Amino acid sequence: MITGTVRQRLALALSTALLLGLPLLSAASYAESAKAPIRLATTTSTEQSGLLGWLLPQFTKETGYPVQVMAAGTGQSLKMGENGDADLLQAIKDKKQTFISRGDESGTHIKEKTLWQAADVKPEFAGYKSIGQGMGPTLTMASELGAYTLTDRGTWLAYQSKLDLAVLLEGDKRLFNPYQVILVNPKRYPDLNTEGARTLKNWLVSEHGQTLIGDFKVAGQALFVADANGK
């Protein structure tokens with residue numbers, strides 16, 4: 001998805017055909033009277049979209065497992081546990097436009113770098129600003145400066161009413177950014193709540209969990225495509 005301000009300054013938004021951005025699962029000790037909580041490291045994009053606030057209370061209600069969320073860029077989370085798109089990225093440089101990059105090694109940032117590479121552009125031009133922030137602050141800055149940026153659909157829909165930006169390009173398969181659930185190796189970290197983490201994973205990819213993901217909407221629009229079966 002590509003977006004732009006009403007003043008013709010444009011922002012680039014990432015169309016998400018996603019399962020769910022849940023890269024890392026682990027656990028901590030908990031009171032004996034309750035199930036041990038699941039510590040969930042996830043992307044800021046997923047957390048800021050509101051999806052976890054929609055899913056996790058239902059998961060806790062059904063299973064009894066509380067979930068503690070730690071949101072960060074994809075790269076940091078893992079450490080804790082050529083169509084119009086190419087032409088447009090070239091045009092941003094040639095026309096000396098401003099581009100705001102997350103610059104945080106998140107999944108969105110990594111996708112952005114692959115697009116620059118596909119356009120044979122080094123993101124080192126004067127208007128390129130790498131801010132090392134999450135998706136929400138990046139969108140806010142792009143709106144304030146009338147700049148381009150790359151964003152996931154979820155955060156875009158959650159923030160769009162506060163922004164002076166509009167969609168320019170969306171739907172190109174090169175903008176898709178699949179998310180996965182990854183369990184931490186219990187042999188390497190035997191004190192993890194592996195049982196709880198596996199319960200959450202199975203719940204998310206079940207027919208029930210997939211339906212809940214697909215039903216999550218902002219402003220009447222679905223934010224994520226539940227694709228556990230690869231359809």
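Author: Contact here means heavy atoms within 4.5 Å. The model is predicted, so local features need pLDDT of at least 70, side-chain atom pairs count only at pLDDT 80 or more, and totals for chains, interfaces and linings use all residues. Residues are numbered from 1 along each chain as its sequence is written, and side-chain values use heavy atoms, with hydrogens and water left out.

Start with Ser 49. Leave aside its neighbours within four places in sequence, and Ser 49 is in contact with Gly 154, Thr 155, Ala 158, Phe 216, Val 218, Leu 223 and Phe 224. Ser 49 sits in helix 1, which covers residues 44–49. Helices (H or I, at least four residues) and strands (E, at least two) are DSSP runs, numbered from the N terminus. Ser 49 has 4% relative accessibility, so it counts as buried. Buried means under 20% relative accessible area, exposed over 50%, partly exposed in between (1.4 Å probe, protein chains only).

Now turn to the aromatic rings. Rings of Phe, Tyr and Trp (its six-membered ring) pair if their centres lie within 6.5 Å; planes under 30 degrees apart are stacked, over 60 edge-to-face, the rest tilted. The structure holds eight aromatic pairs. Take Phe 99 and Trp 116: their ring centres are 5.0 Å apart and their planes stand at 75 degrees, so this pair is edge-to-face. Phe 99 belongs to strand 6 and Trp 116 to helix 5 (residues 107–118), so the pair ties together parts that are 17 residues apart in sequence. Phe 99 is buried, at 0% relative accessibility. Trp 116 is buried too, with a relative accessible area of 1%. Trp 116 also pairs with Phe 125: the centres are 5.6 Å apart and the planes are at 65 degrees, so that pair is edge-to-face. Phe 125 is buried, as is Trp 116.

Next, the loops on either side of strand 6. Thr 98 lies in the loop between helix 4 (84–94) and strand 6 (99–101). Thr 98 counts as buried, because its relative accessibility is 18%. Not counting residues up to four places away in sequence, Thr 98 touches Gly 127, Lys 129, Ala 147 and Tyr 148. Lys 96 is in the loop between helix 4 and strand 6. Lys 96 is exposed, with a relative accessible area of 73%. Its phi is positive, about 55 degrees, although Lys 96 is not a glycine. Glu 105 lies in the loop between strand 6 and helix 5. Glu 105 has a positive phi of about 60 degrees, and it is not a glycine either. Glu 105 is partly exposed, at 38% relative accessible area.

Last, a pair of helices. The axes of helix 2 (residues 51–63) and helix 9 (residues 207–215) come within 10 Å and cross at roughly 150 degrees. That makes helix 2 roughly antiparallel to helix 9. Axes are lines fitted to C-alpha atoms, for helices over the stretch in contact, with angles from 0 to 180 degrees between N-to-C directions. Under 35 degrees is roughly parallel, over 145 roughly antiparallel, 65 to 115 roughly perpendicular, the rest oblique. From helix 2, Trp 54, Leu 55, Gln 58 and Glu 62 meet His 208, Leu 212, Ile 213 and Asp 215 of helix 9.
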